[in-house]
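Please read it beside the sequence and coordinates.

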Amino acid sequence: MTARFVLLVVAKAPVPGFAKTRLCPPATPAQAAQIAAAALLDTLDAVCAVPGAAPVVAMTGDLGAAVSATEIGAALRRVTMIPQRGWDFGARLANAHADAAAVHAGLPILQIGMDTPQVTPESLAAAAAPVAHGVHDSVLGPAEDGGWWALGLADPRHAQVLAGVPMSRDDTGERTLRALGACGLRPRPAAKLSDVDTMADARAVAAACPDGRFARAVAAVRGRAVA
């Protein structure tokens with residue numbers, strides 16, 4: 001099937017002490033990395049099952065030191081891999097769009113992270129549809145914490161505005177909306193999702209996708225959830 005859009009996943013290698021450190025405690029660094037690995041693998045399963053999507057993963061970190069490295073390596077053979085580059089997260093996001101567009105010239109992009117393992121092929125296709133079918137210039141999927149979990153752009157060059165948006169704040173979503181509006185875009189909202197920053201988030205998301213690797217990894221952590 002000819003690709004209609006790029007489905008870009010921005011990901012971090014699930015290395016203990018490097019990935020999902022805000023889950024500790026009650027998770028140990030190894031358990032937090034296992035949760036991150038499960039989130040990545042569940043996300044990749046959904047991404048690779050979306051009809052008409054060209055999957056691309058922008059990765060940072062040492063995959064050789066990652067939890068579940070063999071399984072992740074096998075999953076990544078289904079996608080195009082590009083390295084993240086940039087001085088901060090906003091710049092890395094902007095560059096990931098540019099680099100994915102260089103691989104798949106002329107296609108719109110829907111970008112997500114690895115923090116929403118409850119996504120399904122159907123929900124991703126629905127989020128991408130406005131830009132994939134050429135009926136809207138952009139899509140922004142808000143997150144429960146005030147950020148965003150998905151950004152769709154008919155013209156990936158507009159992702160350069162992300163380099164000027166502070167990330168990982170409770171107003172990141174609103175700031176991103178304003179930045180996109182300032183360059184003439186009118187983002188269509190996608191469904192609001194909870195992403196995984198804390199153990200309370202992880203347990204809530206696991207309840208929404210109880211049959212995946214992510215829920216099993218979260219269930220392995222014992223102790224009181226912390227906010």
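## Second largest pocket

Helix H4 gives the most to the lining of the second largest pocket, with 4 residues; helices (H or I, at least four residues) and strands (E, at least two) are DSSP runs, numbered from the N terminus. This is a predicted model, in which local features need pLDDT of at least 70 and side-chain atom pairs count only at pLDDT 80 or more, while totals for chains, interfaces and linings use all residues. Residues are numbered from 1 along each chain as its sequence is written, and side-chain values use heavy atoms, with hydrogens and water left out.

The volume of the second largest pocket is about 170 Å³. A pocket is an open set of points on a 1 Å grid over the protein atoms alone, where a 1.4 Å probe fits, with protein on both sides within 12 Å along at least five of seven lines, and lining residues have an atom within 4 Å of a point. Grid points are joined across faces, edges and corners, and a volume is the space filled by probe spheres set on the points. Of its 13 lining residues, Ser 123, Ala 126, Ala 127, Ala 190 and Ala 191 are the closest to the centre. By class, this lining has 10 nonpolar, 2 polar and 1 charged residues, where Ala, Val, Leu, Ile, Met, Phe, Trp, Tyr, Cys and Pro count as nonpolar, Asp, Glu, Lys and Arg as charged, and the others, Gly among them, as polar.

## Largest pocket

The largest pocket holds about 900 Å³ of space. It is lined by 32 residues, of which Lys 20, Phe 89, Asp 115, Ser 168 and Asp 197 are the closest to its centre. Its lining divides into 13 nonpolar, 9 polar and 10 charged residues.

Pro 55, found in strand S2, counts as buried because its relative accessibility is 17%, buried meaning under 20% relative accessible area with a 1.4 Å probe and protein chains only. Pro 55 and Leu 7 are 48 residues apart in sequence, yet 4.8 Å apart in space, C-alpha to C-alpha. Beyond neighbours within four places in sequence, Pro 55 is in contact with residues including Leu 7, Val 47 and Arg 78, contact meaning heavy atoms within 4.5 Å.

How values were computed: Buried means under 20% relative accessible area, exposed over 50%, partly exposed in between (1.4 Å probe, protein chains only).
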